[in-house]
Amino acid sequence: MRLGMIGLGKMGANMTTRLLNAKHEVVVYDRSADAVKHVAAGGADGAASIADLVKKLGDGPRVVWIMVPSGPPTDETIDALASLLTKGDIIIDGGNTNYKDGLRAYRRCIAAGVSLIDAGTSGGVWGLKEGYCLMVGGDAPAVTHCEPIFRTLAPEGGYAHVGPPGAGHFSKMVHNGIEYGLLQAYGEGFEILEKSPFTFDLKQLAELWGHASVVRSWLLELAVLAFDADPGLKNIRGYVDDTGEGRWTVQAAIDESVPAPAITAALMARFASRQDESFSAKVIAALRNQFGGHAVKPESTHA
């Protein structure tokens, strides 16, 4: 197929390369001219603007995949495309868009005669080699038309049309919420091991648990790589960011009255990781001192 790709960050660029390797034709655009030049050197057709990309795609039905940050950048890109594309053309949003924002964008696109597919995309920087897990939501005719793209990007069994518009982003949101809980459990477990009276080789244990253990996973394989590169993780600050999906998953759980203590606690732990000093911990220490005479550490001892 011939398609456009807007957004040439790590995932967008690698996805383009995977598509080119399978003989698809890809027209690319990014706000960074250097990014366009780099990907075009690998065989893509570079565009100078969104309008230029649409023009270079030729006759319809035209397909444009966008991989840009969620929120206003995604909305602005979708709206710009919807004003340039014509009836029967298709936009695929593969970013981490909030499903509610995605549904609003879908309605705007339909009003303009353009289809919008939400493709929850997982795979990160390993996707070029391993493929991407694609959770695709959208109207069946548009999804069917784009299946050659999805089947190229995904490994065998790694693509599914999971439901109507919004279902792709919703399932990816929950996928990432689950990821929060898994990462937190591994992090806590390895900290208990590291603080124990035993001198464990954490890489050895991570590697060992990858064989026949009930906790084996790809994340453990990545832990092996991380501990191999930096055994004590001395060069990594314990600051954990989030891109929104965990918050949205917790909010969905609240909206649906579904208890989700593990994912919620994992999200709170990420917030805690960003504090050099916790005021709530100060309050707790002060109260323990007041009611029980428990010792407190003076501020000067804080490293």
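Is Cys109 buried or exposed, and what is its relative accessible area? Cys109 is buried, with a relative accessible area of 0%, where buried means under 20% relative accessible area, exposed over 50% and partly exposed in between, computed with a 1.4 Å probe on protein chains only. The structure is a predicted model, in which local features need pLDDT of at least 70 and side-chain atom pairs count only at pLDDT 80 or more, while totals for chains, interfaces and linings use all residues. Residues are numbered from 1 along each chain as its sequence is written, and side-chain values use heavy atoms, with hydrogens and water left out.

**Cysteines**

- A disulfide is a covalent bond between the sulfur atoms of two cysteines.
- With a disulfide taken as a pair of cysteine sulfur atoms within 2.5 Å, a search of the whole structure finds 0 disulfides.
- The cysteine sulfur closest to that of Cys109 belongs to Cys146, and because the two are 13 Å apart they are too far for a bond.
- Cys146 is likewise in no disulfide, and at 0% relative accessibility Cys146 counts as buried.

- Arg62 is placed in the loop between α3 (50-56) and β4 (63-66), helices (H or I, at least four residues) and strands (E, at least two) being DSSP runs numbered from the N terminus.
- Arg62 counts as buried at 12% relative accessibility, and, not counting residues up to four places away in sequence, Arg62 touches Val54, Leu57, Leu84, Leu85, Thr86, Asp89 and Ile90, contact meaning heavy atoms within 4.5 Å.
- The side chains of Arg62 and Thr86 make a polar contact at 3.1 Å; such a contact is a pair of N or O atoms within 3.5 Å, where within protein one must be able to donate a hydrogen and the other to accept it, and where residues adjacent in sequence count only if both atoms are side-chain atoms.
- Glu245 lies in helix α11 (residues 245-255) and is buried yet has no salt bridge, the nearest side chain of opposite charge being that of Lys172, 4.8 Å away.
- For charge, Lys and Arg count as positive and Asp and Glu as negative, with His and the chain ends not counted, and a salt bridge is a side-chain nitrogen of Lys or Arg within 4 Å of a carboxyl oxygen of Asp or Glu.
- The side chain of Glu245 makes polar contacts with the side chain of Asn96 at 2.7 Å and with the side chain of Thr243 at 2.5 Å.
- Leaving aside neighbours within four places in sequence, Glu245 is in contact with Asn96, Met173, Asn176 and Tyr180.

- The 12 residues of α1 should span 16 Å at 1.5 Å a residue, which agrees with the 17 Å between its end C-alpha atoms; the expected span is 1.5 Å times one less than the number of residues.
- The buried residues of α1 are Gly12, Ala13, Asn14, Met15, Thr16, Arg18, Leu19 and Leu20.
- Just after α1, Lys23 takes a positive phi of about 75° although Lys23 is not a glycine; Lys23 is found in the loop between α1 (10-21) and β2 (25-29) and counts as exposed at 72% relative accessibility.
- Ser257, also a residue other than glycine, has a positive phi near 55°; Ser257 is found in the loop between α11 and α12 (261-273) and is exposed, with a relative accessible area of 66%.

**Salt bridges**

- The count comes to 16 salt bridges, and Arg2, Glu25, Asp45, Asp52 and Lys56 are linked in a network of them.
- Asp228 forms a salt bridge with Lys203, the closest N and O atoms being 3.0 Å apart, and this pair links distant parts of the chain, with Asp228 in helix α10 (residues 218-229) and Lys203 in helix α9 (residues 202-208), 25 residues apart.
- Asp228 counts as partly exposed at 48% relative accessibility, and Lys203 counts as partly exposed at 27%.
- The side chains of Asp276 and Arg237 meet in a salt bridge at 3.3 Å, N to O; Asp276 lies in the loop between α12 and α13 (279-292) and Arg237 in the loop between α10 and α11, so the pair ties together parts that are 39 residues apart in sequence.
- Asp276 is exposed, with a relative accessible area of 59%, and Arg237 is exposed, with a relative accessible area of 54%.
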